[in-house]
Amino acid sequence: MITFVVDDYNNMNKALSRFLDYLKEGGADDDAVFDSRLVSCELITNVLRHCGGAAHFSGVFDDGRITITVRASTPGGEIVIPDLPSVLAESGRGLYIINAISGGNVLISGGDVTVTLFVDNTRN
């Protein structure tokens, strides 16, 4: 498991690199690493942009599943996954994309947003 706290956009990529290396070392394919980075960036960015505090991240790769959980240090309101948002909408696209990439495996509970991705190592 990898955990870290991000309080600034400039620190996000450095912190995420540890998680992505962990996935690669565990045997995740390139598609899974890409999807994990996208999901992680969207969730962390949402916290930094909308909650104003730090993003607390945890990620684990086990038994063909990548589980990513992000929580705001200062939760800010109800989190919902929108239906297809308007192209001009100011918000909602990130969670919509995350939901689509994960096949609907998004759980929002008690301020945590947890996304589970299933790794298909048969693709090469």
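The phi of Asp 63 is near 55 degrees, a positive value in a residue other than glycine. Most residues other than glycine have a negative phi.

The model is a predicted one, with local features requiring pLDDT of at least 70 and side-chain atom pairs pLDDT 80 or more, while totals for chains, interfaces and linings use all residues. Residues are numbered from 1 along each chain as its sequence is written, and side-chain values use heavy atoms, leaving out hydrogens and water. As for pLDDT (the predictor's confidence in each residue, from 0 to 100), the chain averages 85, and 83% of the residues score at least 70. Confidence is highest in strand 2, at 96, and lowest in helix 3 (residues 93–101), at a mean of 84.

On to the overall layout. The chain has three helices and five strands, taken as DSSP runs numbered from the N terminus (helices H or I, at least four residues; strands E, at least two). Along the sequence they follow the pattern β-α-α-β-β-α-β-β. Of the 124 residues in the chain, 38% are buried. Take the contacts (heavy atoms within 4.5 Å) between residues at least 6 apart in sequence: 59% of them join residues at least 24 apart.

Next come the aromatic rings. Rings of Phe, Tyr and Trp (its six-membered ring) pair if their centres lie within 6.5 Å, with planes under 30 degrees apart counted as stacked, over 60 as edge-to-face and the rest as tilted. By this rule the count comes to three aromatic pairs. One of them is stacked: Phe 4 and Phe 57 sit 4.4 Å apart centre to centre, with 15 degrees between the planes. Since Phe 4 belongs to strand 1 (residues 2–6) and Phe 57 to strand 2 (residues 55–62), the pair ties together parts that are 53 residues apart in sequence. Phe 57 also pairs with Phe 19, this time edge-to-face, at 5.0 Å centre to centre and 70 degrees between the planes. This pair, too, links distant parts of the chain, with Phe 19 in helix 1 (residues 9–25) and Phe 57 in strand 2, 38 residues apart. Phe 4 and Phe 57 are both buried, and Phe 19 is buried as well. Taken together, ring pairs link Phe 4, Phe 19, Tyr 22 and Phe 57 into a cluster.

Helix 1 also packs against helix 2 (residues 30–50): the axes come within 10 Å and cross at roughly 150 degrees. That makes the two helices roughly antiparallel, as angles over 145 degrees count as roughly antiparallel, under 35 as roughly parallel, 65 to 115 as roughly perpendicular and the rest as oblique. Axes here are lines fitted to C-alpha atoms, for helices over the stretch in contact, and angles run from 0 to 180 degrees between N-to-C directions.

On the helix 2 side the contact includes Leu 38, Glu 42 and Leu 43, and on the helix 3 side Gly 94, Ile 97 and Ile 98.

Glu 42 is partly exposed, with a relative accessible area of 24%. Neighbours within four places in sequence aside, Glu 42 is in contact with Gly 94 and Ile 98. The C-alpha atoms of Glu 42 and Ile 97 are separated by 8.9 Å, although the two residues are 55 apart along the chain.

Arg 18, in helix 1, is partly exposed too, at a relative accessible area of 43%. Not counting residues up to four places away in sequence, Arg 18 touches Ile 2, Thr 3 and Phe 4. From Arg 18 to Ile 2 the C-alpha distance is 7.6 Å, across 16 residues in sequence.

Conventions. Buried < 20%, exposed > 50% of the residue type's maximum accessible area, 1.4 Å probe, protein only.
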